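Trainee: Let us go through this chain term by term. I will ask what each label rests on.

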Amino acid sequence: MLQYMESDINFWRIKDVSKDKNKININYFRSNFFSILVVSIVTNITLFKKFDVYMKDELTNRVNEIIKLIEYTYSIDNAWTEKNLNNISKSPLINDFDIVIKDLDGSIIFAHYMESDILKIHNEMMRQMGYHMMHKIDKSMMWGSIKRKNYVTKSFIIEVNGRDVGIVELGYYGPFLVSERELEFARGINNSIIYAAIISLFIAFILGIYSSKIISKPILKITRVANEIRRGNLDTKVLISNNITELKELSKSINHLAESLKEQQELRKRLTADISHELRTPLTILQSHIEAISDGIWEPTQERLDICKNEVIRLIKLVEQLKYLTDIEKHRITLEVKKINLSKLLNEIIDSLEYQFQNKNIKLKRFLKENVFINADKDKVSQIIINILSNALKFTNPGGQVDVALEENEEKVNIIIKDTGIGIPKKDIPYIFERFYRSDKSRSRKTGGAGIGLTIAKMLVEAHNGKIEVESELGKGSKFTVILNKDFR
């Protein structure tokens with residue numbers, strides 16, 4: 001039954017993914033469609049505006065050519081003769097015009113009128129080009145029933161050799177004249193725009209499908225991996241072959257998140273085990289001693305009671321350290337910052353620990369620059385150094401050596417503690433400041449400690465806006481460098 005339910009859930013997830021993919025395709029195509037449509041409309045309007053200007057210029061040129069023709073015809077004989085007027089009537093320039101020529105007395109000496117067939121052809125061309133819509137020409141202006149409001153008349157004075165010889169009146173149907181050549185040109189523009197829009201939409205559709213696959217496929221992979229991580233499968237990785245920088249960065253982030261969660265999970269498990277180990281040992285000792293005394297096997301001697309007391313003290317210290325660590329993490333710790341002589345402080349700490357080092361046959365050497373002053377919390381700095389030195393003492397074998405050096409520059413001081421101890425495996429260095437962390441799980445408690453000294457040291461250093469660096473090699477020793485600001489406030 002559960003398998004059926006899981007298969008149904010997977011089916012609906014696949015269906016949802018498919019819907020999301022289709023939505024991407026539709027949105028992509030829709031945006032491209034509207035973009036191409038807007039571009040096509042704007043292009044069409046712009047081109048036809050230019051075409052209007054061109055046609056108006058053409059009309060002006062044709063009117064000027066007719067005037068020049070009439071003036072030239074008169075200049076041949078310097079008179080209006082039947083022969084000259086006959087030449088005007090045969091010119092193709094006047095076909096689309098009504099022309100009336102008058103002498104200076106107002107008498108008509110020549111008249112030419114457009115044929116109705118020419119009017120029909122002209123208006124059919126205008127209709128095909130769409131100018132009846134673009135220029136809002138009345139629908140009744142069709143074929144022979146053209147309204148006179150679209151008829152334009154202009155008068156021009158005929159001047160020859162600086163002398164007025166007559167008047168010509170030109171009439172035509174506006175806004176301008178259209179020939180078959182102009183019609184073919186406009187029709188070609190319209191067709192080009194339409195074909196370009198159709199081809200662009202087709203290309204946009206193909207590219208939309210291709211792009212959605214490129215984008216959606218890795219996103220769906222990342223989604224599946226994220227769901228696996230959510231279910232606790234932290235070994236899942238995103239493997240995508242994609243050149244999109246954002247998707248590559250996203251996949252790296254998901255993989256890094258999975259690795260970080262896996263590391264944190266391991267640390268939590270290890271923390272639980274280490275806490276159990278730290279608590280179990282003193283509690284086991286207490287239980288065995290109390291049971292033995294309670295059952296009458298052992299006498300409640302002072303020595304055995306002291307053992308129980310020491311284990312209780314160890315538990316109390318562990319709880320206090322954990323509480324102290326929690327207070328630091330929650331920024332409950334208060335620093336009493338004042339100017340201190342760091343050189344003098346380090347000498348005092350080394351003097352106080354020197355006996356313990358001698359007792360374990362470990363050389364403790366100092367290389368301290370004198371009179372180095374910083375602004376810091378004296379007690380917290382002391383705790384940092386003591387914790388690191390105690391760590392060096394625990395993990396340096398008899399016959400070894402620990403060096404303490406103090407260096408300074410204009411803004412910072414470096415406290416360097418170097419030992420010849422057992423060292424730290426390279427893979428464990430990033431985790432040594434985690435509470436209860438032990439690089440060797442099977443290590444016995446003979447070294448002592450609760451495993452949180454370095455954790456406290458690091459947090460106190462960071463509370464001073466400083467940092468702590470570690471260099472170590474297994475079997476050769478470790479080097480801790482504490483870097484503090486001189487003028488911390």
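**Labels and their grounds**

Mentor: The chain has 10 helices and 11 strands. Both are DSSP runs numbered from the N terminus, helices being H or I with at least four residues and strands E with at least two. This is a predicted model: local features need pLDDT of at least 70, side-chain atom pairs count only at pLDDT 80 or more, and totals for chains, interfaces and linings use all residues. Residues are numbered from 1 along each chain as its sequence is written, and side-chain values use heavy atoms, with hydrogens and water left out.

Trainee: Why is Ser-343 called buried?

Mentor: Its relative accessibility is 5%. Buried means under 20%, exposed over 50%, partly exposed in between, with a 1.4 Å probe and protein chains only. Therefore Ser-343 counts as buried. Across the chain, 36% of the 489 residues are buried.

Trainee: What does Ser-343 touch?

Mentor: Ser-343 lies in helix H8. Leaving out residues up to four places away in sequence, Ser-343 touches Leu-368, Lys-369, Glu-370, Asn-371, Val-372 and Leu-406. Contact means heavy atoms within 4.5 Å.

Trainee: Which backbone oxygen lies 2.5 Å from a polar atom of the Ser-343 side chain?

Mentor: That of Lys-369.

Trainee: What makes E8 and E9 a pair?

Mentor: Two strands pair if DSSP finds at least two bridges between them. Strand E8 (residues 401–408) and strand E9 (residues 412–419) have 7 bridges, in the antiparallel sense. Ala-405 stands opposite Ile-416 in E9.

Trainee: What is the strand order of the open sheet?

Mentor: The order is E6-E8-E9-E11-E10, with mixed pairing. Strands E6 (363–368) and E10 (467–473) are the edges, since each pairs on one side only. Neighbouring strands are turned by 10 degrees against each other on average, direction ignored. Helix H8 (residues 342–359) packs on the sheet, touching E6, E8 and E9. The direction of H8 makes about 175 degrees with that of E6.

Trainee: How is the packing of H8 and H9 described?

Mentor: Two packed helices are described by the angle between their axes and the distance between the axes. For H8 and H9, the angle is about 35 degrees and the axes are 10 Å apart. Axes are lines fitted to C-alpha atoms, for helices over the stretch in contact, and angles run from 0 to 180 degrees between N-to-C directions. The contact includes Leu-345 and Ile-349 of H8, and Val-381 and Ile-385 of H9.

Technical notes: Polar contact = N/O pair within 3.5 Å; in protein donor to acceptor, adjacent residues only side chain to side chain.
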